[in-house]
Amino acid sequence: MINRQMLLIAVSIFFALVMALMPLPFSLEPFRPDWVLLVLMYWSLALPHRLNIGTAWVVGLLIDLATGSSLGVNSLTYSVCIFVTASNFQKIRNFSLWQQSLLIGLFLTLYHLMQFWLNHFLLGVYFSPHYLWPVLTGMLSWIWVFLLLRKYRRHFRIR
Amino acid sequence: MKLMFEKTVSLQLRLFVAVLLSIVLIFGDKYTQGGENIRTSLNTLVSPLIYVANLPYEIFSLSAKSLHTREQLLSENEALKKKQALQSEQIQQYEFLVKENKKLRALLGSSAKHPNRKIIAQVLSVHSNPYSHQVVINRGANDGLSENQAVIDDMGVVGQLTKVGSTTSRVLLITDNTHATPVRILRNDVRTVVEGIGKIDVLKLSHVPHSLDVRIGDVLVTSGLGGTFPEGYPVAVITEITRDEGQPFSQVFAEPIAQLDRIRLLVVLWLNQLELI
């Protein structure tokens, strides 16, 4: 029973990984939301006893390998973000959907600033405001990710 | 039964362990060489994911191909035939020149040059880290590839292999801001280094003295120094020179010859053992 539930969660994360790697038209590329982080955040809010920092770390490592960034960068930033959501899940759950999406925007900003800072240190990149576009699109996507995954969770009774 | 207040490891401790592990990974990845097997197997772990993510693009391009009209195909065929005729003429000349070059080198008493081993690879269109310029190709350690091999396309130098998995590997493009290419100017054989600045169509020449003989339109080819790129492949064309005497160096910019934003078929080169010495 527990295995089936973990498998269903893993399937949703796998889809998010594929979405994160799928090619987009060149002009849309800077606007790609961080699907994997959004899905991880949802699960850490809904089922914090099933999925928290450990899973986030492993999935972050997968993202690092699949997108070719320095190993450990996404593991670190995902772990910190999931720590924030998992330690405040009771508060965040009680917010309305649009308030949640504002909060998620805040966490995504934290994620992207940490990403930038680490990459500045590792690769010597300089800041450009378009690194923050995914925050906006991520906030908008959160509403749909939340509703979709809630339906998914209730339909398959993942607890 | 699932208890509501089960005793588990606290979140703070989990975060501490995760951060510690990540920092170890970051430093391990950046400051250690070697561990070839571990790196390859880690990269192999995500290869299936990359192939799955590439599927939608493959399907689209397949269906686009099947929608080509007969006229389009005919005209494309015609153009390719013309190009091939021209190139085969050049190849005939090339073979003659290679022989002549060998003879001349023998007369000079210098070592002969041998053609490089090479393999064709296709770019998989998947998203990469937005902070660096890389592409993924469909060849890996199973095809005998290893790190730091040179990659070119039909126009010029594209980059070099970094992370190699067993069926996929990554090409770091010459425009990435951690990449530098040893080159020389074709016109006068002056050696210099050209480095990426993180823009897909701009390269920068590093530490150019004001007295250096460089002009707009000069072609830069690989110099063969540094042990990664074989000698003589075109890299970039000089596009902009700013000589401000108040600055210690001239600002010289170049444009890559390979069209890095639309590469599809690539050639991976092996270095000759002779050239390594």
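The model is predicted: local features need pLDDT of at least 70, side-chain atom pairs count only at pLDDT 80 or more, and totals for chains, interfaces and linings use all residues. Residues are numbered from 1 along each chain as its sequence is written, while chains are lettered from A and ligands numbered from 1 in the order in which they are written. In chain B, six strands close into a barrel. Between the chains, 32 residues of chain A are in contact with 34 residues of chain B (contact: C-beta atoms, placed from the backbone, within 7 Å). Helices (H or I, at least four residues) and strands (E, at least two) are DSSP runs, numbered from the N terminus.

**Helix packing in chain A**

- α3(A) and α4(A) pack with their axes 7 Å apart, at an angle of about 150 degrees. That makes α3(A) roughly antiparallel to α4(A).
- Axes here are lines fitted to C-alpha atoms, for helices over the stretch in contact, and angles run from 0 to 180 degrees between N-to-C directions. Angles under 35 degrees count as roughly parallel, over 145 as roughly antiparallel, 65 to 115 as roughly perpendicular and the rest as oblique.
- The crossing of α3(A) and α4(A) is right-handed. A crossing is right-handed if the near helix is turned clockwise from the far one by less than a right angle, and left-handed if anticlockwise.
- On the α3(A) side the contact is made by I53(A), A56(A), W57(A), V59(A), G60(A), L61(A), I63(A) and D64(A). Their partners in α4(A) include V73(A), Y78(A), I82(A) and F83(A).
- By class, this contact of α3(A) with α4(A) has eleven nonpolar, five polar and one charged residues. Ala, Val, Leu, Ile, Met, Phe, Trp, Tyr, Cys and Pro count as nonpolar, Asp, Glu, Lys and Arg as charged, and the others, Gly among them, as polar.
- α4(A) also meets α6(A): their axes come within 10 Å and cross at roughly 155 degrees. These two helices are therefore roughly antiparallel to each other.
- The crossing of α4(A) and α6(A) is right-handed. From α4(A), the residues in contact are V73(A), T77(A), V80(A), C81(A), V84(A) and T85(A). Those from α6(A) include F107(A), L110(A), Y111(A) and M114(A).
- The contact of α4(A) with α6(A) has nine nonpolar, four polar and no charged residues.

- The chain A side divides into 19 nonpolar, twelve polar and one charged residues.

**The barrel of chain B**

- The strand order is β6-β7-β8-β11-β10-β9, and the pairing is antiparallel (two strands pair if DSSP finds at least two bridges between them). The twist averages 40 degrees from one strand to the next.
- β6(B) pairs with β7(B) over five bridges in the antiparallel sense, and V183(B) stands opposite T192(B) in β7(B).
- Three bridges join β6(B) to strand β9 (residues 219–222) of chain B, again antiparallel. There, V183(B) stands opposite T222(B) in β9(B).
- Strand β10 (residues 234–242) and strand β11 (residues 250–256) of chain B run antiparallel and are joined by six bridges. I238(B) stands opposite A254(B) in β11(B).

**R184(B) in strand β6**

- R184(B) lies in strand β6 of chain B and is buried, with 20 C-beta neighbours inside 10 Å. A residue is buried if 20 or more other C-beta atoms lie within 10 Å of its own, exposed if 12 or fewer, and partly exposed in between.
- Leaving out residues up to four places away in sequence, R184(B) touches D189(B), V190(B), R191(B), V221(B) and S223(B).
- R184(B) and V194(B) are ten residues apart in sequence and 9.3 Å apart in space, C-alpha to C-alpha.

**Positive phi in chain B loops**

- D189(B), in the loop between β6 (180–185) and β7 (191–196) of chain B, takes a positive phi near 60 degrees. The hairpin of β6(B) and β7(B) has five residues between the strands.
- D189(B) is exposed, with 9 other C-beta atoms within 10 Å.
- N148(B) has a positive phi of about 70 degrees although it is not a glycine. N148(B) is in the loop between β2 (134–137) and β3 (150–152) of chain B, and counts as partly exposed with 14 C-beta neighbours inside 10 Å.

How values were computed. Contact = placed C-beta atoms within 7 Å.
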